[in-house]
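Biologist: Hi! I'm new to this one, could you walk me through it? Please put it up on the screen first.

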Amino acid sequence: MLILGLESTAHTFSAGIVDDAGNVLNLVSDTYIPETGGLHPLKTAMHHQDCFDGVISTTVKEAKVSIRDIDLIAFSQGPGLGPCLRIGATIARTLSAGLRIPMVGVNHCVAHVEIGRVACGCDDPLCLYVSGGNTIISALKCGRYQVFGETLDIALGNMLDTFAREAGLAHPGGPKIEQLARKSDLLLDLPYVVKGMDLSFSGILTSAIRLLAKHDLEDIANSLQETTFAMLAEVTERAVAHTGKEEVLLTGGVAANDRLKKMIDIVALEQDASFHVVPRKLAGDNGAMIAWTGFLQFDQGNTTSLEESRVMPNWRLDQVDIPWRQER
Ligand code: ATP
Ligand code: FE2
């Protein structure tokens with residue numbers, strides 16, 4: 001069976017086609033990059049409105065299938081920006097009705113975890129999900145992806161992007177900070193904020209912006225990465241020790257960072273756990289992860305009716321039942 005997944009929670013409109021074994025037939029994305037400042041929800045939604053037709057038809061054409069071959073439509077139902085989510089949901093309802101096939105609403109955070117599991121071939125990982133909008137340490141417990149630790153304010157990717165913007169770098173800032181950090185091994189003093197199992201990045205952001213007046217950008221970039229990645233490593237280590245999970249999975253857009261991968265790899269090694277990182281093309285927001293998670297839900301007999309298809313901008317990871325996973 002073939003599943004078409006639509007992703008539209010934030011900056012990216014993406015369509016992906018997967019089969020029921022988790023193979024990605026094709027994936028096409030179009031990302032909105034604001035000229036200045038952060039993401040404006042309505043402007044981002046207008047971007048999605050303008051590009052969805054081209055993105056979906058290219059996805060289908062390049063996969064060498066016809067839209068009539070699709071058996072299920074999956075869409076990101078939340079969490080995310082309301083106006084952006086509504087574009088994806090409207091397209092899903094239209095395709096589902098027009099093609100007379102079922103649709104299924106997917107939680108975007110669950111999708112980041114599930115694409116990591118299938119792409120890396122891991123079974124029951126402790127998952128570190130770090131992106132522009134989320135910083136979550138979670139694992140399966142009592143039928144749900146329980147959150148063991150998370151950010152108390154902004155997400156790590158958002159912090160890196162905001163700092164980069166203040167430093168005059170173009171969006172997205174994460175990859176540029178990684179390149180700059182490679183040129184330094186100096187560690188400037190920045191607040192290290194771990195509260196129990198939770199993290200905070202807003203104070204670090206303010207401090208790092210202040211350092212811009214008197215330090216080299218490379219040194220600040222390196223210090224930002226070393227400090228925040230060490231915070232993540234600490235919480236990840238405690239979560240692995242507490243849950244006894246034997247696999248660690250790094251996923252989300254920031255999982256593309258080589259320094260973060262190396263640090264979490266060491267944590268896993270020291271805890272006798274295997275380390276897995278989602279392939280780069282599936283790390284950021286993409287329609288393939290929505291399609292695959294939609295299939296997992298459909299396979300359990302769950303579809304989404306028109307009445308149930310309202311978007312949920314604040315839908316949390318730990319509010320979703322995960323019936324396709326057996327507890328160990
Ligand atoms: P979500 O909606 O799940 O929060 P998102 O909308 O932020 O995700 P993603 O594509 O998952 O989208 O992640 C984008 C983030 O990843 C950006 O903040 C970007 O700066 C960051 N990022 C990408 N590559 C790197 C890198 N090499 N190092 C650090 N951060 C990176
Ligand atoms: Fe995402």
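This is a predicted model: local features need pLDDT of at least 70, side-chain atom pairs count only at pLDDT 80 or more; totals for chains, interfaces and linings use all residues.

Biologist: Where does Asp-272 lie?

Modeller: Asp-272 is in the loop that runs between helix 8 (258–270) and strand 12 (274–277). Its phi is near 60°, which is a positive value in a residue other than glycine.

Biologist: And Arg-100, what is its phi near?

Modeller: For Arg-100, phi is near 55°, again a positive value in a residue that isn't glycine. You'll find Arg-100 in the loop between helix 2 and strand 5 (103–107).

Biologist: Is Arg-100 buried or exposed?

Modeller: Arg-100 has 77% relative accessibility, so it counts as exposed. The cut-off for exposed is over 50%.

Biologist: OK, what about the backbone: which residues does a cis peptide bond join?

Modeller: One cis peptide bond joins Gly-78 and Pro-79, with omega at about -10°. Pro-79 sits in the loop between strand 4 (72–78) and helix 2 (82–99). A cis peptide bond also joins His-171 and Pro-172, and there omega is about -5°. Pro-172 belongs to the loop between helix 4 and helix 5.

Biologist: Let's zoom out. How many helices and strands does the chain have?

Modeller: There are ten helices and twelve strands in the chain. Its C-alpha trace spans about 60 × 45 × 35 Å along the principal axes.

Biologist: How does its radius of gyration fit with a compact globule?

Modeller: It agrees: a compact globule of 328 residues would have a radius of gyration near 20 Å, and the chain has 20 Å. Of those 328 residues, 54% count as buried.

Biologist: Can you show me a buried one? Where is Glu-7?

Modeller: Glu-7 lies in strand 1 (residues 2–7). Its relative accessible area is 0%, so Glu-7 is buried. From C-alpha to C-alpha, Glu-7 and Cys-84 are 9.4 Å apart in space, though 77 residues separate them in sequence.

Biologist: And is Ser-184 buried or exposed?

Modeller: Ser-184 has 11% relative accessibility, so it counts as buried. Ser-184 is in the loop between helix 5 and strand 9 (194–195). Its side chain is joined to that of Asp-219 by a polar contact of 2.6 Å.

Biologist: Now the ligand. How many residues surround ligand 1?

Modeller: Ligand 1 has 23 residues around it, and the closest are Tyr-129, Ser-131, Gly-132, Gly-133 and Asp-161. By class, that shell has eight nonpolar, twelve polar and three charged residues.

Biologist: Which polar atoms come up against its oxygens?

Modeller: Here are some of the pairs. A polar backbone atom of Gly-133 is 2.7 Å from an oxygen atom of ligand 1. For Gly-157, a backbone N or O atom lies 3.3 Å from an oxygen of the ligand. Asp-285 uses its side chain, where an N or O atom is 2.9 Å from a ligand oxygen.

Biologist: How much of ligand 1 does the protein bury?

Modeller: Taken alone, ligand 1 exposes 640 Å², and the protein buries 89% of that. The elements giving two or more residues to the shell are helix 3 (108–120), helix 4 (156–166) and helix 5 (173–181).

Biologist: Where does the ligand lie relative to the domains?

Modeller: Ligand 1 lies between domain 1 (2–112 + 284–319) and domain 2 (124–281), because both give residues to the shell around it.

How values were computed. Residues are numbered from 1 along each chain as its sequence is written. Chains are lettered from A and ligands numbered from 1 in the order in which they are written. Side-chain values use heavy atoms; hydrogens and water are left out. A residue is near a molecule or strand if one of its heavy atoms lies within 4 Å of it. A polar contact is a pair of N or O atoms within 3.5 Å; within protein, one must be able to donate a hydrogen and the other to accept it, and residues adjacent in sequence count only if both atoms are side-chain atoms. Accessible areas come from the Shrake-Rupley method with a 1.4 Å probe; for residues, only the protein chains shown count as cover. Helices (H or I, at least four residues) and strands (E, at least two) are DSSP runs, numbered from the N terminus. Ala, Val, Leu, Ile, Met, Phe, Trp, Tyr, Cys and Pro count as nonpolar, Asp, Glu, Lys and Arg as charged, and the others, Gly among them, as polar. Domain bounds come from an automatic or database domain assignment. The radius of gyration is taken over C-alpha atoms; the globule rule is 2.2 Å times the number of residues to the power 0.38. Buried means under 20% relative accessible area, exposed over 50%, partly exposed in between (1.4 Å probe, protein chains only).
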